[in-house]
Amino acid sequence: FLPLSAKDAAASEEGRQRTLTTLLEKVEGCRDLLPESPGKYLVYNGDLVEYDADHMAQIQRVHAFLMNDCLLVATALPNRRGAYRYDALYPLDGLAVVNVKDNPPMKDMFKLLMFPESRIFQAENAKIKKEWLEVLEETKRNRALSEKRRLEQEALPRPAPTPPESTNPFDEDEEEEDEPSAEEEVVDLSLEWIQELPEDLDVCIAQRDFEGAVDLLDKLNEYLADKPVSQPVKELRAKVDERVRQLTDVLVFELSPDRSLRGGPRATRRAVSQLIRLGQSTKACELFLKNRAAAVQTAIRQLRIEGATLLYIHKLCHVFFTSLLETAREFETDFAGNNGCYSAFVVWARSSMRMFVDAFSKQVFDSKESLSTAAECVKVAKEHCKQLSEIGLDLTFIIHALLVKDIKGALQSYKDIIIEATKHRNSEEMWRKMNLMTPEALGKLREEMRSCGVGNFDQYTGDDCWVNLSYTVVAFTKQTMAFLEEALKLYFPELHMVLLESLVEIILVAVQHVDYSLRCEQDPEKKAFIRQNASFLYETVLPVVEKRFEEGVGKPAKQLQDLRNASRLMRVNPESTTSVV
């Protein structure tokens, strides 16, 4: 081809058609995509170099063919001079042209914007670049003018066909009533801003001016609100609706989890607000919550697992609950007028909590941490969860429901450890008084017993550093009270029976051992010592356990009362060879 200037656009119709036919023969793969039509002709063409829009690196050499209604981009075929392969076809209605300022070594460039992409091309020199910019704008303008004239012609009222003469005397009145309605159907679409609306929408979408695009749509809807729906209006609506779909796709992409998650929930506000204005509040809600779920998941994955479990849990709770709180506040701001979306947020919050509990349990319970560490970690999670009550969202019951299985397993596992340790000490029991050797050791034991709730421990201490109790009973008391304190930190109603049955099972091991020793021991002195240990166990330890359980839970435990009453029966007849426990 020889390059065609703007003057060549005035060539004869026959010459234009011949040029277009030659084009179809030279470009592979475009005959089906670019059918011949009476009004289509070639305006301008030439070689260009395409560059990457992000890195400004040269991509390929192309040949562009500008027709009166579209732009065809083709790549040169290797080893075949003058032959091309189809690359892309862009209608002029959806194409925006932007001049790129020279910034050496990058110069003589211009950008084509079309949803959902943009492409940068470099002309051979400044003169050819100027020709491209001018002929593109002129062709787009001519295309808009011809479309405008077409719409004006269609908008003109057409003369009604002459009806056959009728003998009905009322026909004349009916015709007079119909005439004004025919005039009302004419809608003025020749306004300049309406003619330029599709192109303006394309530019706004390409330049990511979402607010400007929605403002234009609102302006059109307001203008057409009280107008009749004529054929020209339908055609305009069809063009605009296509741009609305493009704009919606761009906004959806902005909210996709694949996009950068930096900036927090506020970074999504722009896209969400414009989707709501477009009447897509349900889609905006769904995409917003998906975006935030991906952000929370990414934040949790990026946390480094420290050596200390409690330190990691502090960080995990801070990251998760802060994100949840920020998301809730942003949701309330964005969807303030859409009450139907709040149920979706509650479902999302429950799902996010499940993700948090998975990470929490994996670190706390799967790694077999001690009960005290697990209790402290659960306490931290509950305290952070209470922050959500500031916005009227209480998810504590969800944490309970998701953690109940792991906590139940931890309690039963620790119960088994205590029982095994108690049985081992019982097997080596010699029923001897404790000699702590130093006043410091005795003072430390007094303090430990006081912290366990045993206030009358002094009555069981003897001269010097002696304690009138067995090491087995003292160790059992400390271990049982420690278990109870840690278990109460983990307590919630669903665990009531698990904790109560574990306590009863632990206490029974000590009670049965003391009762058995009372029945079997023959030495009067040792028997008196065992009876003193039994008195400490029944009259001091069991009431303390019962009282502390009631304080921590908020209601008495009948099982513990029954256990104490049964042990009283055993003390009434210590010589019995049958245990009633």
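Two strands pair if DSSP finds at least two bridges between them. Helices (H or I, at least four residues) and strands (E, at least two) are DSSP runs, numbered from the N terminus. The views below show a predicted model, where local features need pLDDT of at least 70, side-chain atom pairs count only at pLDDT 80 or more, and totals for chains, interfaces and linings use all residues. Residues are numbered from 1 along each chain as its sequence is written, and side-chain values use heavy atoms, with hydrogens and water left out.

View 1. As a reminder, strands of a sheet pair through backbone hydrogen bonds, either parallel or antiparallel.

**View 2. Strands S2 and S3 side by side.** Here S2 (residues 42-51) and S3 (residues 58-67) pair in the antiparallel sense over nine bridges. Look for Tyr51, whose bridge partner in S3 is Gln58.

View 3. Ile120 belongs to strand S8 (residues 117-122). With 4% relative accessibility, Ile120 counts as buried (under 20% relative accessible area; exposed is over 50%, partly exposed in between, with a 1.4 Å probe and protein chains only). Leaving aside residues up to four places away in sequence, Ile120 touches several residues, including Val49, Tyr51, Met56 and Phe110; contact means heavy atoms within 4.5 Å. Asn99 is 21 residues from Ile120 along the chain, and their C-alpha atoms are separated by 9.8 Å.

View 4. Most residues other than glycine have a negative phi. Asp108, not a glycine, has a positive phi of about 60°, and Met437, also not a glycine, has one of about 75°. You will find Asp108 in the loop between S6 and strand S7 (109-114), while Met437 sits in the loop between strand S9 (433-435) and helix H14 (439-451). Asp108 is buried at 11% relative accessible area, whereas Met437 is exposed at 62%.

**View 5. Cysteines Cys70 and Cys452.** Cys70 is buried, with a relative accessible area of 5%, and Cys452 is buried too, at 14%. Counting a disulfide as a pair of cysteine sulfur atoms within 2.5 Å, the total comes to zero.
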